[in-house]
Amino acid sequence: MKLLQIKMYKRINYIAAILVLVCGLSAQAQVTTSSPYSRYGLGNIKGSLLPQFRAMGGISTAVSKVTGFNNINMQNPASYAGISLTTIDIGMSASVTNLTRNNLSESSFNSTFSHLAFAAPVTRRSALSFGILPYSDLGYNYRNTVKVDTTTLNQLYEGEGGLSKAYLGYGYRFGDHLRIGGNLEYIFGNLQTSRATEFNSASSYNAKLQTKNSVAGLSYSYGIQYDFTLGKKTIVTLGYSGSTSGKINSTLTSYATLYTRDQDGNESTAADTLNTVNNGKSNLTLPLTHNFGIAIQQNDKWLIGADFRMGKWSATSINNVNQGLQDSWGASLGGQWTPDAFSYNSYLKRIDYRIGVNYDKTYIKIGNQDIKQMGASLGFGFPLPTANGGTAFYKINFTTELGQRGTINNNLVKEQYINFHLGFTLNDTWFRKYRVD
């Protein structure tokens with residue numbers, strides 16, 4: 001007779017408890033960012049990358065199992081087929097951002113939950129994964145001062161919120177070289193923005209338009225990976241992943257109001273409501289994306305790889321209104337080196353050392369100026385000891401990203417940032433079957 005481990009039921013309860021806790025915190029907490037560029041499109045797109053992939057510049061399309069350790073790579077669901085142990089990954093991130101414009105600068109700090117992901121083998125050739133992570137962040141607050149004839153006007157722009165992504169994916173391996181997979185993704189969240197025009201006079205009426213877009217709908221992504229062997233230890237992997245272009249339902253609420261400010265600058269209660277839209281049916285169009293990658297690795301030693309990505313953001317619309325974005329593209333280069341993953345006498349040799357660079361032409365174009373982003377990353381994977389000779393393997397992944405987006409040319413904003421990512425990964429044999437005589 002075949003029986004599952006008794007401990008499996010306790011571990012399932014642990015998973016359920018963690019999911020309930022993290023989903024509850026995610027629903028209550030406000031994901032924050034401080035970037036004027038998050039005003040455009042859907043905000044700052046986060047990408048489906050765990051800290052260990054961000055440390056390598058974001059390469060992931062052709063990455064499966066690295067140095068024998070199971071990682072959850074939701075960027076390419078074909079990689080799930082290489083997962084041989086129950087895997088859990090949970091983490092958080094923080095950022096320090098400095099904005100510069102016309103010799104003026106401002107700094108801010110933000111931190112948030114970053115991901116919770118679970119994966120487990122279903123058969124010897126397949127595995128499933130599910131989890132939750134941010135999709136985009138929206139957060140800005142700035143003003144422009146303009147002069148119309150002899151009248152000075154202040155234009156105020158504010159935004160907050162963001163979108164999250166919950167996914168369920170499955171990957172299958174054909175033979176020894178080919179893997180395919182797909183994700184069913186649920187995109188949800190709120191995008192809240194406001195625009196106001198104010199006069200300098202305290203007695204003047206000012207106008208404000210506030211909009212809230214509540215998004216909830218399904219999307220899909222897919223991927224494929226193929227391995228070539230070079231000699232006995234070296235493997236070359238080619239990968240492709242993409243996501244479909246489709247409309248997601250949303251609910252639109254907007255208010256156009258008149259208000260005044262007192263002598264101290266405090267905003268008064270709205271004097272009049274010019275227009276109201278409550279729970280209007282709307283939609284949001286996501287872009288068609290493509291990712292191409294190549295990775296070369298020597299088992300239990302090193303990996304180097306490169307990714308190229310494209311996104312058709314020019315077709316993105318909200319409430320059937322095109323957002324005026326441009327198609328994006330980007331590239332990443334990075335790798336990992338582990339001196340000796342099985343060293344008994346040197347902990348430093350068992351650490352994963354990661355490095356990478358990335359460059360993107362984003363979907364934002366202001367005037368004739370493309371907004372570009374570039375960065376470099378450095379990270380480590382710190383293995384933790386296994387208690388009492390158990391079957392579990394633990395690793396802490398830490399990544400630092402330094403980057404820049406935008407420029408001070410043409411009266412624009414240069415955004416410089418340092419991002420920190422921390423993740424905890426568990427590999428264990430939770431669902432192994434035993435035969436009892």
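**Salt bridges, cores and strand pairing in the predicted model**

The structure holds 9 salt bridges. The model is predicted, and the contacts below are read from its coordinates. Side chains of opposite charge can pair when their charged atoms come close.

Lys165 belongs to strand E6 and Glu185 to strand E7, and 20 residues separate the two, so the pair links distant parts of the chain. Both residues are buried.

The side chains of Arg179 and Asp227 meet at 2.6 Å, N to O. Asp227 lies in strand E8, 48 residues from Arg179. Arg179 has a relative accessible area of 5% and is buried. Asp227 counts as buried too, at 11% relative accessibility.

A further salt bridge is formed by Asp360 and Arg309, whose closest N and O atoms are 3.0 Å apart. Asp360 sits in strand E17 and Arg309 in strand E13, so the bridge ties together parts that are 51 residues apart in sequence. Asp360 has 18% relative accessibility. The cut-off for a buried residue is under 20%, so Asp360 counts as buried.

Asp352, Arg354 and Lys395 are linked in a network of salt bridges.

The nonpolar interior comes next. In soluble globular proteins, nonpolar side chains tend to be buried together. The largest nonpolar core has 22 residues, of which Leu42, Tyr135, Leu284 and Leu286 touch the most other members. Two or more residues each come from strand E5 (126–148), strand E6 (151–174), strand E7 (178–199) and strand E17 (352–366). E5 gives the largest share, 3 residues. Leaving aside residues up to four places away in sequence, Leu286 touches Leu42, Tyr135, Ile187, Ser219, Ser245, Gly246 and Ile248. A second core is separate and has 19 residues, including Tyr80, Ala117, Ala119 and Leu303.

The covered face of E12 carries Thr289, Asn291, Gly293, Ala295 and Gln297. The uncovered face carries His290, Phe292, Ile294, Ile296 and Gln298. Strand E9 (residues 234–243) runs antiparallel to E12 and is joined to it by 10 bridges. Within this pairing, Thr234 has Gln298 of E12 as its bridge partner. Strand E13 (residues 302–311) is also antiparallel to E12, again with 10 bridges. Here Ile296 stands opposite Ile304 of E13. E12 and E13 form a hairpin with 3 residues between the strands, and Asp300 in this hairpin takes a positive phi near 60 degrees.

Positive phi values also occur in two asparagines. Asn103 has a phi of about 65 degrees although it is not a glycine. Asn103 lies in the loop between strand E3 (86–101) and strand E4 (104–123). With 81% relative accessibility, Asn103 counts as exposed. Asn411 likewise has a positive phi, near 65 degrees. Its loop runs between strand E19 (393–406) and strand E20 (414–428). Asn411 counts as partly exposed, at 39% relative accessibility.

In one of them, the ring centres of Tyr140 and Tyr142 are 6.0 Å apart and the planes stand at 50 degrees, so the pair is tilted. Tyr140 counts as buried, at 9% relative accessibility. The rings of Tyr222 and Tyr240 have centres 6.3 Å apart and planes at 35 degrees, so this pair is tilted as well. Tyr222 lies in strand E8 (residues 206–230) and Tyr240 in strand E9, 18 residues apart, and the pair links distant parts of the chain. Tyr222 has 29% relative accessibility and counts as partly exposed. Elsewhere, Trp337, Tyr353, Phe380 and Phe382 form one aromatic cluster.

Methods
Residues are numbered from 1 along each chain as its sequence is written. This is a predicted model: local features need pLDDT of at least 70, side-chain atom pairs count only at pLDDT 80 or more; totals for chains, interfaces and linings use all residues. Side-chain values use heavy atoms; hydrogens and water are left out. A nonpolar core is a set of buried Ala, Val, Leu, Ile, Met, Phe, Trp, Tyr and Cys residues joined through side-chain atoms within 4.5 Å. Buried means under 20% relative accessible area, exposed over 50%, partly exposed in between (1.4 Å probe, protein chains only). Helices (H or I, at least four residues) and strands (E, at least two) are DSSP runs, numbered from the N terminus. Contact means heavy atoms within 4.5 Å. Two strands pair if DSSP finds at least two bridges between them. Rings of Phe, Tyr and Trp (its six-membered ring) pair if their centres lie within 6.5 Å; planes under 30 degrees apart count as stacked, over 60 as edge-to-face and the rest as tilted. A salt bridge is a side-chain nitrogen of Lys or Arg within 4 Å of a carboxyl oxygen of Asp or Glu.
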